[in-house]
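Hi there,

Here is the structure I said I would pass on. Please have a look at it first, and then read on for what turned up.

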Amino acid sequence: MAIFKKNNNPLTGEITIPSDKSITHRALIFSALLKDKIKIKNISLGQDCLNTLNIFKSLGVKYEFLSKKEIIVDSSKGFNLDKDYTFDCGNSGTTTRLLAGLFSGIEGLNCTLIGDNSLSKRPMKRVIEPLSLMGADIKSNDFKIPLEIKGKKLNPITYKSKIASAQVKSSILLAGLNTNGVTKTFENHLSRNHSELMLEYLKANIKTGKEDEGYFAKIEKSNLKAKDIEIVGDISSAAFFMVAAAIVPNSKILIKNVGINPTRSGILDIFKQSCIKYSLLNKKTVSNEPIADILVEYTSNIKPFIIQGDIVPRLIDEIPILSVLAAYADGKSIIKDASDLRNKESDRIKNMVDALNAFGIKTIEKDDGFEIEGNKKGIISKDITFETHLDHRLAMSYFILSLLNEKNTEILNFDCTNTSFPEFLDLFKDLGYDCGK
Ligand code: S3P
C-alpha cells in the first residue's frame, strides 16, 4: 500500500528509462541458444525478465554481471537435460508463451511452467493450439498453466493467428527455429517484431513481409551467429513519463535512448492526434532497433483521440496510461478493437473503466474497449483508493492520476510495479516530483 499526495512541481530534466522488457526476454532467450559467450548491454532488471534469466540458469547457462546492467552470457555448454524441471514464470506471460514454443521443440527436455495468481488466469490456448499442430506434447489445466511440456522433434507449420500477438508469433518462430522445413506465421495487424529483428541481427534464416493473407514471418533452421546485444530503452515505461509531462503544468522532459520501433511506437501517433508538444532527437539504430531521445512538453489543450485497428498492437501496453491522457483531453476519446486487454495481467478494460469513473471521469465500458469523456476542468479532487489487481501498468497509471489530485491517492499493492519498473518512483524524483511535500 502507498499513499500519494499532489505533486506541486513541474517535471523537468533528463532521464534514462530502463531497457525494454520485450527485447530483454528475447536477448536472454536467443543468447541461451548460441552455444557461445556474448555480452548483453543495458539489460532490464524487472522481475519478469529475471524469471526468464533464472530459467536458463537452471538449465545450465552461466551469467556473470559485469555491472548492474551488463551481463556476460555463456551458453557454450548447452542445456542440462538430465532431470525434469519446474520453471516459475512468475507474472510473465512473455516468459510462459515464448518458452512454451522453445521448450516444446527441444528433444529430451521435460518441464512444467508455473506462475503466480494473475498468470494462472491467463489464456494459453493461443500458443498450445499452434504448437500442438506442430506436434508438441503439452498438457495444461484447461488451457491455463501449469503447462507440462515434453520436448520433442516438431514439424514446421504455416499458421494464421486469430489475434495479432507477438507472444504467439514468437512462440511459433522459436519452435520453428528447430524444425526441418519452413515455418511461417501470418497476422492481420503487425504485432511487435523484436523477435524477427533480433533473429535477423543474429543472422538467422528469417524473412518478413506482407502478402494477401497478412503480415508474415518465415523461419528456417538456422545457425545463429554470436553477437553482443545492446538493449534500447522501453517506450512502454517511457509512456508514463511522457503522459505525466504532457499533463503536469510547465513540465518539459527529455527521455534518452528510447526504442521507437514502429511496431511499438503507436503512442507517438496518439500524441500527434492529441496535439501534444513532442519531438524526437538523436535518432539512431542499436542492435537492429531504432532509438531516439524523446522531448515532451506540457500541453494545455490536449485533443481527444481514437485508437482502433492497426494501431492497437502498436500501443497495446500503453492503453491504461493513454486513458489517463484521455481524461485530461478536451472531449471524447474512443478505444476499440482492443478486447485482448481483458487477458493482460488483469482485465484492463474493466479495471480502467472502474478507476476512471471512480475518479469522476465518465467512462463507458464496451466489449472491445471503452469511451472516455475527457474533462480536465471537471476532474474533482478527492481522496481515492485504487486496487491494482497486481497489475503493474495499472499501478503506474494510477500514480500519474495522483500527480494532479489535490487529495490523497491510495494505491493498494503499489509494489507490483517491481515486475517491470523498480526504478519508477526514483526517476520521478529525479524530474522534481516533490512527493507531496
Ligand atoms: C509482448 C507482447 C504483447 C504485450 C506484452 C509483451 C511480447 O502481448 O502486451 O506485454 O514481449 O511479446 P501479446 O502478444 O499477448 O499481445
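Does Leu-28 count as buried or exposed? At 1% relative accessibility, Leu-28 is buried, where buried means under 20% relative accessible area, exposed means over 50% and partly exposed lies in between (1.4 Å probe, protein chains only).

Before going further, a word on the ground rules. This is a predicted model, in which local features need pLDDT of at least 70 and side-chain atom pairs count only at pLDDT 80 or more, while totals for chains, interfaces and linings use all residues. Residues are numbered from 1 along each chain as its sequence is written, and side-chain values use heavy atoms, with hydrogens and water left out.

**Around Leu-28**

Leu-28 sits in helix H1 (residues 21-32); helices (H or I, at least four residues) and strands (E, at least two) are DSSP runs, numbered from the N terminus. Leaving aside residues up to four places away in sequence, Leu-28 touches Ile-40, Ile-43, Cys-49, Thr-52, Leu-53, Phe-56 and Tyr-63, a contact being heavy atoms within 4.5 Å.

**The protein as a whole**

The protein has 13 helices and 23 strands. Its radius of gyration is 21 Å, which agrees with the value near 22 Å that a compact globule of 437 residues would have; this radius is taken over C-alpha atoms, and the globule rule is 2.2 Å times the number of residues to the power 0.38. Along the principal axes, the C-alpha atoms fill a box of roughly 60 × 45 × 40 Å.

Of the 437 residues, 58% count as buried. Among contacts between residues at least 6 apart in sequence, 76% join residues at least 24 apart. The exposed surface comes to about 16,900 Å², with carbon and sulfur atoms supplying 46% of it (Shrake-Rupley method with a 1.4 Å probe; for residues, only the protein chains shown count as cover).

As for charge, there are 60 positive and 54 negative side chains, and the centres of the two sets lie 2 Å apart. Lys and Arg count as positive and Asp and Glu as negative, with His and the chain ends not counted; each charge is placed at NZ of Lys, CZ of Arg, CG of Asp or CD of Glu.

**Strands and their partners**

Strand E13 (residues 214-220) is largely enclosed by the rest of the structure, because 5 of its 7 residues are buried. Strand E11 (residues 182-187) runs antiparallel to E13 and is joined to it by 6 bridges, with Phe-186 partnered by Phe-216. Two strands pair if DSSP finds at least two bridges between them. Strand E12 (residues 205-211) is also antiparallel to E13, over 7 bridges, and here Ile-206 has Ile-219 as its bridge partner. A hairpin through 2 residues connects E12 to E13.

Strand E5 (residues 70-74) is mostly covered as well, with 4 of its 5 residues buried. E4 and E5 form a hairpin with 4 residues between them.

There is also an open sheet of 4 strands in the order E18-E19-E21-E20, with mixed pairing. Strands E18 (306-307) and E20 (363-366) stand at its edges with a single partner strand each, so one side of each has no neighbour in the sheet. Within this sheet, strands E19 (residues 331-335) and E21 (residues 369-374) run antiparallel and share 5 bridges, one of the pairs being Ile-335 with Phe-370.

**Backbone details**

Most residues other than glycine have a negative phi, and most peptide bonds are trans. The bond from Ile-145 to Pro-146 is cis, with omega near 0°, and Pro-146 lies in strand E9 (residues 144-150). Phe-143, in the loop between strand E8 (137-141) and E9, has a positive phi of about 65° and is partly exposed at 33% relative accessible area. Ser-287 has a positive phi too, near 45°. Ser-287 lies in the loop between strands E16 (278-286) and E17 (289-297) and counts as buried at 19% relative accessibility.

Happy to go through any of this with you.

Best wishes
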